[in-house]
Amino acid sequence: MRVLVLHGPNLNLLGTRETGVYGTITLEDIDARLHDLAAELGVELECFQSNSEAALVSRLHTAPGQFDAVVFNPAAFTHYSIALRDAVAAVELPVVEVHLTNVYGREEFRRRSVIAPVAAGQISGFGVTSYLLGLRAAVELVGREAGVRA
Ligand code: DQA
C-alpha cells in the first residue's frame with residue numbers, strides 16, 4: 001500500500017510560524033513521525049509540500065496508479081480553493097483531510113472547508129496526531145475497499 005501525504009502553503013515554516021498556534025514542531029518532524037508509523041504499518045509513504053495551488057492540483061492528478069490514498073493538509077487553501085476541491089473530487093482515491101489545529105475553534109473564515117464535502121473524512125485539532133490518525137484512517141479505508149472488492 002502506498003500513501004501520499006500532501007502539505008499545503010506555509011506548512012514549510014512550521015517550527016517558527018505562529019508558534020503560539022502551531023507549536024514548535026517542524027514539517028521535518030511531522031514527516032519523520034509519519035515515516036515511523038508507515039514503517040510500523042507496512043505502508044510506503046511519500047511526503048510533498050508546496051506553497052503553490054497548481055503544484056498541489058498536479059500532484060493529485062498524478063496520484064492514482066502511484067498511490068492508494070492521500071492524507072492532505074490543504075492549509076489556507078482549505079477555505080477557498082475550488083480547484084483543489086475539484087481535483088480531490090476528480091481522483092478516484094480516498095483523501096483524508098487533516099489539520100493541526102481545530103479549525104472550528106478559530107476565526108470564522110477557517111470554519112468552512114471546501115475540501116471536506118469531497119474528502120473521505122476530516123481530522124482536525126490534534127497537532128501531529130491529526131496526521132498520524134489520518135494515515136491510520138487512510139490505511140483502514142484502503143483495506144476496507146480491498147475487502148469489498150475481494
Ligand atoms: C491549518 C489550518 C488552516 O486554517 C491554516 O491556514 C493553515 C494550517 C492547520 O493545519 O491547522 O495553514 O490547515
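Start by colouring the protein chain by pLDDT (the predictor's confidence in each residue, from 0 to 100): strand S3, residues 69-73, has the highest mean at 99, and helix H5, residues 128-149, the lowest at 92. Helices (H or I, at least four residues) and strands (E, at least two) are DSSP runs, numbered from the N terminus. This is a predicted model, in which local features need pLDDT of at least 70 and side-chain atom pairs count only at pLDDT 80 or more, while totals for chains, interfaces and linings use all residues. Residues are numbered from 1 along each chain as its sequence is written, and side-chain values use heavy atoms, without hydrogens and water.

Around the ligand you will find, among others, Tyr22, Asn73, His99 and Arg106.

Now show the polar contacts (pairs of N or O atoms within 3.5 Å). From a ligand oxygen atom, a polar side-chain atom of His79 lies 2.7 Å away. For Arg110, a side-chain N or O atom is 2.9 Å from a ligand oxygen, and for Arg17 the distance to a ligand oxygen is 3.0 Å.

Technical notes. Near = heavy atom within 4 Å. Polar contact = N/O pair within 3.5 Å; in protein donor to acceptor, adjacent residues only side chain to side chain.
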